[in-house]
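The exercises below are to be worked with the sequence and the structure in view. Each task is followed by a solution in steps.

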Amino acid sequence: MQIDKLVRDVKEKGPVCVGLDTQYSFLPEFLQKRANTKGKNIFEFNKRIIDATVDVAGCYKVQIACYEALGLDGMQAFASTVQYAREKGAIVISDIKRGDIASTAGQYATGHFTGDFETDFITINTYMGSDSVSPYYPFLEKGKGLFALVKTSNPSGKEIQDLKSNGKTIYQHMASLVDSWGSAFIGDEGFSSIGAVTGLTYPEEFESIRHLLPKTFLLIPGYGAQGGTGKDIATFFSEGVRGVVNSSRALLTAHKGKTEDEDFVNYTREAVIKMREDILSCLQ
């Protein structure tokens, strides 16, 4: 099961998820000036980052919107990035946030768990209920994994997720559902193949769902550019690391103001290591 590999990689390399949410403006000037398509230059950028961080990153997350925006050229870069990271032995989370049901969800599952875009995990929006997660079960039985949105890091998420029903917030209800759905897919490392996306920008809410997700591994956005720090994670990880913390922009642009040449990856690697140390130091 891919969840077992993810847990082991995080234990070995640290809980940093490098977010390859790559926008063209993030590329150093030497790459932007290359006489290739934008997609090819983005893949070269991603490839160099993967090579420089694969031994210190727990996994990679690839946000599909950044690639869809460039059309077919961008989607080729998406496919190449996912394939390359997996060839290097890394776990890849494709951040696609699909939220449909029945045969449509089944097609999304086929499209991202097989073929050109094959990945290890995808993110999904399950606020349409169990019909939006059950079509993925056949692929979970083969070892693939999901991360379901529970408590997101954006400010307006509270407009719906913080509403209360029967004394609990909507996101608390969702956390309980994710725990229930995942109970049939527990791996050898003790975690389910259905993980949860829980934002780091609201530490109190983050902590309030810990007891609702005892077997759930987390994908945690909100670190760095969105304001989250290692201290915000400490309580949730008080019984051991049980998730991976994503940072995208802060890592991809770590070279800005320092270099626009081929040594840009040195700054990315340094930023990943610093982030890892920040998180782990708060858990001691």
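**Exercise 1. Find what the buried residues of α5 pack against, and which residues of α5 are buried.**

Solution. The model is a predicted one. Begin with the surroundings: the buried residues of α5 pack against α3 (38–53), β2, α4 (65–68), β3 and α6 (102–113). Next, list the residues themselves: G74, M75, A77, F78, A79, S80, T81, V82, Y84 and A85 are buried in α5. Then place the helix on the strands: α5 (residues 71–87) lies across β2 and β3, and runs at about 140 degrees to β3. Last, look just past the helix, where G89 has a positive phi of about 90 degrees.

**Exercise 2. Repeat the check for α9 and name its buried residues.**

Solution. Helix α9 covers residues 170–182, and its 13 residues should span 18 Å at 1.5 Å a residue. The end C-alpha atoms of α9 are 18 Å apart, so the two values agree. The buried residues of α9 are Y171, Q172, M174, A175, V178, W181 and G182.

**Exercise 3. In what order do the eight strands close into a barrel?**

Solution. The order is β1-β2-β3-β4-β5-β8-β9-β10, with parallel pairing. From one strand to the next, the twist averages 30 degrees. Helix α1 (residues 2–13) packs on the sheet and touches β2 (59–63), β4, β5 (145–151) and β10 (243–247). The direction of α1 makes about 100 degrees with that of β4.

**Exercise 4. Describe the nonpolar cores and the contacts of V18.**

Solution. The largest nonpolar core has 68 residues. V18, L20, Y60, Y67, L146 and V178 have the most contacts inside this core. Helix α5 supplies the largest share of the core, six residues. Now take V18 and leave aside its neighbours within four places in sequence: V18 is in contact with I49, T53, A57, C59, Y60, K61, N246, S247, L251 and V272. A second, separate core has 16 residues, including I3, L6, F147 and L149.

Notes:
Residues numbered from 1 in each chain as written. Predicted model: local features only at pLDDT ≥ 70, side-chain atom pairs only at ≥ 80, totals over all residues. Heavy atoms only, no water. Pairing = 2+ DSSP bridges. Helix = DSSP H or I, 4+ residues; strand = E, 2+ residues; numbered from the N terminus. Axes fitted to C-alpha atoms, helices over the stretch in contact; angles between N-to-C directions. Contact = heavy atoms within 4.5 Å. Buried < 20%, exposed > 50% of the residue type's maximum accessible area, 1.4 Å probe, protein only. Core = buried A, V, L, I, M, F, W, Y, C linked by side-chain atoms within 4.5 Å. Expected span 1.5 Å × (residues − 1).
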